[in-house]
Amino acid sequence: MPSHPPRSSARKGGDGRLTTALDPHDLGPQDQCGVFGVWAPGEDVAKLAYFGLYALQHRGQESAGIAVSDGRQILVYKDMGLVSQVFDESTLEAFKGHIAVGHCRYSTTGASTWHNAQPTFHPTVDGSIALGHNGNLINTAELAEMVAAQGGLEGELDLQVKLPGQATNDTSLVTTLLAHHPDTSLEERAVEVLPTIQGAYSFIWMNEKTLYAARDPQGIRPLVLGRLERGWVVASETAALDIVGASYIREVDPGELVVIDADGLRSRQFAEPAPKHCLFEFVYLARPDTRITDQRIHSVRVEIGRKLAKAFPADADLVIPVPESGTPAAIGYAEASGIPYGTGLVKNSYVGRTFIQPSQTIRQLGIRLKLNPLRDVIEGKRLVVVDDSIVRGNTQRALVRMLREAGAREVHVRISSPPVKWPCFYGIDFATRAELIANGLSTDEICRSIDADSLGYISLEDLVESTSVPMDHLCRACFDGVYPIDLPNPERLGKNHLELPVASPAVTDVDGLVVSLAGAGAGDSLERP
């Protein structure tokens, strides 16, 4: 059963009120979630899950959780905060078993609260289910109707435990649907339920004896399979396999269900594959030491930089990245242009997320919370500054101003993705379409807005070519507005769909930003000019 740590506990954890470390009014593209599963008798699976999630922390920093089964019962522990804040040695020592499912979350559907933390847990008399999800579903309303139509689940256990509220995310609906299988096995129930789910999902779940993993037919979010000496691992990225010493075997195919138990590993295809891998994973989301579609992400990003240099040359003295996401592309730009590569910005390695709202004085410092210029390196220099994307433009505007104040003669900005013009409904929390600077301004206008001497975005064609993946096998919706899975009506989309009535007035999130109840831009995304 799930464990909810008392708020009087001396252990320090997060409070869920997360802000970005830069400017809370300039939220960049927020990562989705990281999932990790392990089946390994004789191994310390809780610690394997902990270190697997540690490697996936970049994919979600709001909450973390691990579920472990010893073959008789499942224990779940989750809380708000980073993996290292949620778990300590004594907590992990209490988990004994041979199967584990772990999750680190950034909220896409459902608020950032404890009861929406994962893995989700559902007990029945026939066995319990713990499930973690990376991605975002677009038919949440239909799934909620399916759950409501089921009524009370036959054989559902009443735990007589007071939990802090009910889950309001798409994942809890899937868990409930899977849990209802009175006349068949969980595996057969999964084959029935999975084809009814629309959107992006990489699921990892378990009952007391078996580990399961499934990937949507488009394969939008990554999911990989690895081998341990005494077991198996499934994870969002290959970097998580590396950290636990698992050998990479292959990707879980789009539309594939993988089942791992005492009889070994077996696979079933529950839907016809129609690959649409997320292009933004190559640009920003995935770790550079990860492999997707057999491409090393670092190498892809270096190639993006090379193409940027050819398409948008600059007469400059130094190429510097915006660390860390701009580093590989900056290396490629310097290599292709012949301009020296250098470190002009120092990043505070311990600031990626903060649980403390910055004071007004500190907020005015803006980007200096995370980055500080090396004046002796950049003073008097003409700079090429390479970054991964521009969302609202506030961060780049502050960065250019900071570099000029530090003595830069010229600042030429190069972006390793095309202009982001459309919201994502498959697991990335961008700004609303109205807030995306590239939606309303041309490149020249954006250049003037951020006060750069020049601005160049890589073209969509060059970006796709850098990945070596065919254009029609990639989801490019945030760049070109072509959504590979048909979207429902706007009122059935949205991060807070299960929490707020459609007719409610606009609300603000924890940072005071207006949240679009139509789905972070759903309305205008369905009415493209």
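**Strands and their partners**

Analyst: This is a predicted model. Histidine 412 has a bridge partner in β25, and that partner is serine 454.

User: How many bridges join strand β24 to β25, and do the two run parallel or antiparallel?
Analyst: Strands of a sheet pair through backbone hydrogen bonds, in either a parallel or an antiparallel way. Strand β24 covers residues 410-415. It is joined to β25 by four bridges, and the two strands run parallel.

User: Which residues of strand β25 point the other way from Ser454 and Gly456?
Analyst: In a regular strand the side chains alternate between the two faces of the sheet. In β25 (residues 454-457) all four are buried, with Ser454 and Gly456 pointing one way; pointing the other way are Leu455 and Tyr457.

User: Why is strand β11 largely enclosed by the rest of the structure?
Analyst: Strand β11 spans residues 224-228. Buried here means under 20% relative accessible area. The strand is largely enclosed because four of its five residues are buried.

User: Which residue of β13 stands opposite glycine 226?
Analyst: β11 is joined by five bridges to strand β12 (residues 231-235), running antiparallel. Four bridges join β11 to strand β13 (residues 247-251), also antiparallel. In β13, the residue opposite glycine 226 is tyrosine 248.

User: Which strands stand at the edges of the six-stranded open sheet?
Analyst: The sheet has the order β7-β8-β9-β10-β14-β15, with antiparallel pairing. Two of these strands have a single partner strand each, so one side of each is left without a neighbour in the sheet; they are β7 (120-122) and β15 (264-269).

Definitions and conventions:
Residues numbered from 1 in each chain as written. Predicted model: local features only at pLDDT ≥ 70, side-chain atom pairs only at ≥ 80, totals over all residues. Heavy atoms only, no water. Buried < 20%, exposed > 50% of the residue type's maximum accessible area, 1.4 Å probe, protein only. Pairing = 2+ DSSP bridges.
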